[in-house]
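Visitor: Could you take me on a close look at one part of this protein, the interior, and explain the words as you go?

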Amino acid sequence: MNATPLFHLQGNYAPVKEEISATDLPVLGSIPSGLKGRYVRNGPNPKTGSSPHWFMGDGMLHGVEFQNGSARWYRNRYVRTRAFLEDAPTFTAEGTRDLTVGVANTHVVAYAGKIFALVETSLPTEVTRELETRGCFDFGGRLTTPMTAHPKICPLTGELHFFGYSFAPPYLTYHRADASGALAQSVEVQVPGPTMIHDFAITQHHVIFMDLPVVFDLELALAGTMPYRWSDEYGARVGLMPRGSRAAAVRWFEIAPCYVFHVLNAFEQDGEVMVDVARYPELWRPGSPGFSRAELHRWRIDIERGHVREDRLDDRVIEFPRCDERRISLRHRYGYAVHTEDGADANRGTALIKYDRQTGGAAVHDFGAGRVPGEGVFVPASATAGEDEGWVLTYVYDAARDASDLVILDATGFAGPATATIQLPVRVPYGFHGSWIPDPA
Ligand SMILES: [Fe+2]
């Protein structure tokens, strides 16, 4: 028997037991009146109190709504999926994956007037601005694969680009939906086998896929835990598909074996495609289930010469890299990431980093001892504000209070004092990704 407690059930990884709605939240500092909308973040919160892996708990949304320089409410709500409501089985009687069953615990994204809670194993789950669940969304029956939790909205066309991956063929399918919310294109992408594909990227002319050596393992699946492991045999490749083309046009480039959960952004420059990623040297080698260290790297894909140069941009350990969403697919100057600490899974750091790719420098906001931030999400001060002109929002766990704050940083004064700290009455367990969801125009 394994006597080591699972990290994801300890401390602030542990699930909270109640759904609450809170108003009259204490605020230190002042909330910018330009914030009109809500910050919502998703994360695992197993309803039974336990799950075999951090990635497998039921999704819970945590949101704070802003209006007129005040925080109107904090709410946390389970995503009421069929897995949550009915304990519905993941597989059909025929042995295929039931795409209407998933934990919806990874991200929450607004697109075409809808809000989706996402997990990469199932269809999107639509939720409301008040965090109530509407149900599964399948683009009018047209989406027949799971949807990644990391779709990309092109800021110039409003299109939603995404993919679905599966342990059974087709292993990888690319999809594009138009700005109105209609699924416009679905094409299979040929890959040698089933790998875990968490994220991807777009540039103005390309869709970029990562086929990395974390492969499906049936024995792990049958054991009921994360069914993927490192492979020394599979190899590692990055694929470029011209936007709007057929999948047969994907061109693959060999890279050094590694794993990447998250892309910061990608863009084109002088005939090269740049992809900034949080790169792990390896992940989940059999017998080694934890996480190694991820560092910011840049792949420079030379399309003409057919090779990829890989540069490490920083030696600090990071995760949850983000940029100003208005720069997705375009050259970015700034990026934001959580600065984690070396080693064990539960070892989170107390700082966020802001990278400046023009100067090569970085600013660090350290929240202080016992104050641990999650992913930082950039919110522009207005639709016409420049890159970095706005705020970075993050939930910060405060060990002294055993509760969390929503902290607002001025992105241009990143290392300085917080603009506002909203004290929540409860913990927001460490989770995954969130979005700023503005009021409808
Ligand atoms: Fe992710």
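Guide: Gladly! A nonpolar core is a set of buried Ala, Val, Leu, Ile, Met, Phe, Trp, Tyr and Cys residues joined through side-chain atoms within 4.5 Å, and buried means under 20% relative accessible area (exposed is over 50%, partly exposed in between; 1.4 Å probe, protein chains only). Remember that this is a predicted model, where local features need pLDDT of at least 70, side-chain atom pairs count only at pLDDT 80 or more, and totals for chains, interfaces and linings use all residues. Residues are numbered from 1 along each chain as its sequence is written, and side-chain values use heavy atoms, leaving out hydrogens and water.

The largest nonpolar core has 77 residues, and Met 196, Phe 209, Phe 261, Val 275, Trp 284 and Trp 299 touch the most other members. Apart from it lies another core, of 22 residues, including Ala 22, Leu 35, Tyr 395 and Ile 422.

Now look at the iron ion. Its donors (N, O and S atoms within 2.8 Å of the metal, or 3.2 Å for Na, K and Ca; water is not among the atoms, so sites may look incomplete) are the NE2 atoms of His 150, His 198, His 262 and His 433, at 2.0 to 2.1 Å. Along the chain, these donors follow the spacing H-x47-H-x63-H-x170-H. His 262 belongs to E20 (residues 259-269), while His 150 is in the loop between strands E9 (133-136) and E10 (152-153), so this pair ties together parts that are 112 residues apart in sequence. Both His 150 and His 262 are buried.

Let's finish at strand E30 (residues 390-398). Here 9 of the 9 residues are buried, so the strand is largely enclosed by the rest of the structure. To see its partners, note that two strands pair if DSSP finds at least two bridges between them. E30 pairs with E28 (residues 371-373) in the antiparallel sense over 3 bridges; there, Pro 373 has Val 396 of E30 as its bridge partner. Strand E29 (residues 377-380) also runs antiparallel to E30, and 4 bridges join them, with Val 379 partnered by Trp 391 in E30. With E31 (residues 403-410), E30 pairs in the antiparallel sense over 8 bridges, and Thr 394 has Val 407 of E31 as its bridge partner. E30 and E31 form a hairpin with 4 residues between them, and Asp 402 in the turn has a positive phi of about 50 degrees.

Methods
Helices (H or I, at least four residues) and strands (E, at least two) are DSSP runs, numbered from the N terminus.
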